[in-house]
Amino acid sequence: MKNSLLQKYNIAGPRYTSYPTVPFWNEKGIAYNDWISTAKKAFNESNRTEGISIYIHLPYCESLCTFCGCHKRITKQHNVEQPYIETVLKEWELYCNLFSEKPSIKEIHLGGGTPTFFSPKNLEKLIKGILSKATIAKGYEFSFEAHPNNTTKEHLQTLYELGFRRNSFGVQDYDPKVQKTINRIQPFETVKKVTDWSREIGYTSVSQDLVFGLPHQTKKSIIDTIQKTKQLKPDRIAFYSYAHVPWIKGVGQRGFDENDLPSAEEKRELYETGKKMLGELGYVEIGMDHFALKTDSMFKAIATKKLHRNFMGYTASKTQLMIGLGMSSISDSWYSFAQNEKTIEEYTEVVNKGIIPIFRGHLLSKEDLIIRRHILNIMCNFETSWEADELKFPEINECIERLKEMEQDGLVVFHKNGLTLPEKARPFVRNVCMAFDLQLIRNQPKTRIFSMTI
Ligand SMILES: C[S@@+](CC[C@H](N)C(=O)[O-])C[C@H]1O[C@@H](n2cnc3c(N)ncnc32)[C@H](O)[C@@H]1O
Ligand code: SF4
């Protein structure tokens, strides 16, 4: 890849885990009744055919990794587990009371924070509580995120027995200096141990998160990290670009400053080095951030055009309705988004009043729904088409015009009423989406709100 292209198209832009992206959700938020009625509508349209997905946010971590941009709460007090799980189960009950029949669950994903902060017993109580009010859909997929430092064999065994077959471990980087700076000491042996246990127990997909662009990271440390990763051969690798967003309240990025970060040029080199090595090891770049072995369902999902993207990133299957449980979780009914209260205290207080605890969201307009379709097509299938009437919109010619330069650079190929991205354009997929993002185009933010695209 020519460095000049990476340089040219490395601009601040959304990650498109939703459209409209969160900063462009309706300022007044979503009316509570609009969320409830669209969630019911989506449930009625899809529960019997594909089932629904559940995302559960488990926000606690024992110590703060100072690079982290997730919604988390740091504590060593494990007596927080029980009350939190009880609140999540109460929230689930509020949803079940809305629905006209038992939910059929296709997917459960436990994210965080650190799901393995919770004891195996409490995780079992949580999952059994969720499943007691539901049936399980055919071809279900249960997955969880885990921190290698606090994952025990018992965690893995318990979750396996509950139906979980995929997990993902945060690794980030193995270099001692990087680990010290981000306050995350995590030797290779620890990651190896949890990976070996997972395989022994029978997990079919073991994934790892790596990050490029961290403080003090060098080409040498990336090479070393990927060489170590090679020994464990995860089925999937998320290779995230470090998002430096210290202006976002509450993320707590500290202990280093801009001077400790690689320059834009160096960061691109880290990405290119990692990408090349992963390619040589047999990983295929799925889209932004994700690599998978050809044996993994995520690779197969590309071929069958089943790849989907949501708030957790890329997934190999999709349901129309995703209910987010727990503090800060985002739900998606296709027609609308809703986000839960962002602090544990507010979240708990509202659930205890018997109210579904959403605090903001967005009801998609007819135009939003069309653009959402195009952005998902581009992010997941690297192509889109406006041939069908329901995918036409008045501004399409302006969108095409905005992509002319990318076309000249060989990053977009137009055909009759559609476009395709060649393989070399995959790192730039966000830039192509930005040409379709009518919300962003009409309301260019005055201050920086997004991280860089590369
Ligand atoms: C919830 S954590 C994964 C589970 C567990 N808490 C852990 O850290 O091992 C989600 C992942 O998001 C990624 N992440 C967090 N903050 C990030 C940032 N500022 N930029 C890029 N990736 C980030 C990390 O790779 C991290 O593993
Ligand atoms: S990276 Fe994971 S363990 Fe570290 S603070 Fe973030 S969520 Fe917690």
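Reader: Which residues sit around ligand 2?
Author: The model is predicted. Around ligand 2 you find Cys 61, Leu 64, Cys 65, Cys 68, Cys 70, Lys 72, Gly 112, Gly 113, Thr 114, His 147 and Gly 170.

Reader: And how does that shell divide into nonpolar, polar and charged?
Author: There are 5 nonpolar residues, 5 polar ones and 1 charged.

Reader: Gly 112 and Gly 113 again: what kind of peptide bond joins them?
Author: A cis one, with omega at about 25 degrees. Gly 113 belongs to the loop between strand E4 (104-112) and helix H4 (120-131).

Reader: Where's another cis bond?
Author: Go to Tyr 19 and Pro 20, where the peptide bond is cis and omega is near -5 degrees. Pro 20 is in the loop between helix H1 (3-9) and helix H2 (32-46). For background, most peptide bonds are trans.

Reader: OK, switching to H7. Which of its residues are buried?
Author: Val 191, Val 194, Thr 195 and Ser 198. They cover an arc of only 100 degrees around the axis, so they are on the same side of H7.

Reader: Why would residues a few places apart point the same way?
Author: An α-helix has 3.6 residues a turn, so residues three or four places apart point the same way.

Reader: What do the buried ones pack against?
Author: Helix H5 (153-161), strand E6 (164-172), strand E7 (205-212) and helix H8 (219-232). The face turned away from the buried side has Glu 189 and Glu 200, both exposed.

Reader: What follows H7?
Author: Gly 202, with a positive phi near 125 degrees.

Reader: What about Lys 233, what's its phi?
Author: Near 45 degrees, which is positive in a residue other than glycine. Lys 233 is in the loop between H8 and strand E8 (236-241). It is partly exposed, because 15 other C-beta atoms lie within 10 Å.

Reader: And Lys 305, buried or exposed?
Author: Exposed, because it has 11 C-beta neighbours inside 10 Å. Its phi is also positive, about 55 degrees, although it is not a glycine. Look for Lys 305 in the loop between helix H10 (297-303) and E11.

Reader: Last topic: how is the chain divided into domains?
Author: Into domain 1 (20-363) and domain 2 (366-442). Their C-alpha centres lie 27 Å apart. The contact takes 9 residues from domain 1 and 10 residues from domain 2.

Reader: Which strands supply the domain 1 side?
Author: Strand E9 (283-287) and strand E11 (308-310) each supply at least two residues there. That side of domain 1 divides into 4 nonpolar, 2 polar and 3 charged residues.

Methods:
Residues numbered from 1 in each chain as written. Chains lettered and ligands numbered in written order. Predicted model: local features only at pLDDT ≥ 70, side-chain atom pairs only at ≥ 80, totals over all residues. Near = placed C-beta within 6 Å. Nonpolar A, V, L, I, M, F, W, Y, C, P; charged D, E, K, R; others polar. Buried ≥ 20, exposed ≤ 12 C-beta atoms within 10 Å, placed from the backbone. Helix = DSSP H or I, 4+ residues; strand = E, 2+ residues; numbered from the N terminus. Arc of directions from axis to C-beta. Contact = placed C-beta atoms within 7 Å. Domains from an automatic or database assignment.
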